[in-house]
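Subject: Structure handover

Hello,

Please find the structure below, followed by notes on what was found in it.

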Amino acid sequence: QVQLVESGGGLVQPGGSLRLSCTASGSIFTFDVINWYRQAPGKQREMVTSMTSGGRTNYEDAVKGRFIISRDDAENTVYLQMSSLKPEDTAVYYCNGQAWSGRFLDTWGKGTQVTVSS
């Protein structure tokens with residue numbers, strides 16, 4: 001079955017940028033939607049942004065104008081470009097793929113840590 005692997009996390013200064021990658025072991029179009037979630041200590045896991053297979057996107061209000069989700073079809077990869085990072089963006093970021101139009105899928109990556117600190 002298709003697996004998702006996140007990469008690109010790390011330590012970045014406030015105001016800095018970071019790009020996360022979510023790569024599918026098969027076609028990224030296996031999924032009807034790719035979601036980025038994040039979870040910080042003491043907080044619930046929250047959806048950050050999502051992109052449907054048709055390219056429709058949505059964003060959490062807290063990241064609008066700062067984060068951009070995009071896709072490279074040839075690389076079977078969805079990216080999360082994170083800019084103007086704030087300490088409150090610190091969290092483990094997870095890639096999640098869901099499918100329902102064909103076989104049902106709800107696939108999660110293992111997460112990548114993003115730490116925003118001076």
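Two strands count as paired if DSSP finds at least two bridges between them. Strands themselves are DSSP runs of E with at least two residues, and they are numbered from the N terminus. The model is predicted, and for that reason local features need pLDDT of at least 70 and side-chain atom pairs count only at pLDDT 80 or more, while totals for chains, interfaces and linings use all residues. Residues are numbered from 1 along each chain as its sequence is written, and side-chain values use heavy atoms, with hydrogens and water left out.

The sheet

Strand β7 is joined by 6 bridges to strand β8 (residues 77–82), and the two run antiparallel. Across from Ser70 stands Tyr79 in β8. Both strands belong to an open sheet of 4 strands, in the order β1-β3-β8-β7, with antiparallel pairing. At the edges are β1 (4–7) and β7 (67–72), each of which pairs on one side only. From one strand to the next the twist averages 15 degrees; the strand axes are lines fitted to C-alpha atoms, with angles between N-to-C directions running from 0 to 180 degrees.

Tyr79 has another neighbour to look at: the charged end of Arg19 sits over the ring of Tyr79, 4.2 Å from its centre. For this, CZ of Arg (or NZ of Lys) must be within 6 Å of the ring centre and within 35 degrees of the ring normal.

The disulfide

How many disulfides does a search of the whole structure find? The search gives 1, where a disulfide is a pair of cysteine sulfur atoms within 2.5 Å. Cys22 is joined to Cys95, with 1.8 Å from S to S. This pair links distant parts of the chain, since Cys22 is in strand β3 (residues 18–24) and Cys95 is in strand β9 (residues 91–99), 73 residues apart. The torsion about the S-S bond of Cys22 and Cys95 is about -65 degrees, so the disulfide is left-handed.

Are the two cysteines buried or exposed? Buried means under 20% relative accessible area, exposed means over 50%, and partly exposed lies in between (1.4 Å probe, protein chains only). Cys22 has a relative accessible area of 0%, so Cys22 is buried. Cys95 is also at 0% and therefore buried.

The aromatic cluster

A pair of aromatic rings is described by the distance of the centres and the angle of the planes. Rings of Phe, Tyr and Trp (its six-membered ring) pair if their centres lie within 6.5 Å; planes under 30 degrees apart are stacked, over 60 edge-to-face, and the rest tilted. The count by this rule is 2 aromatic pairs. One is Tyr37 with Trp108, which is tilted, at 5.0 Å centre to centre and 45 degrees between the planes. Tyr37 is in strand β4 (residues 33–39) and Trp108 in strand β10 (residues 105–108), 71 residues apart. Tyr37 counts as buried because its relative accessibility is 15%, whereas Trp108, at 33%, is partly exposed.

Tyr94 and Trp108 make an edge-to-face pair, because their ring centres are 6.4 Å apart and their planes lie at 75 degrees. Tyr37, Tyr94 and Trp108 form one aromatic cluster. The charged end of Arg45 sits over the ring of Trp108, 5.0 Å from its centre.

Regards
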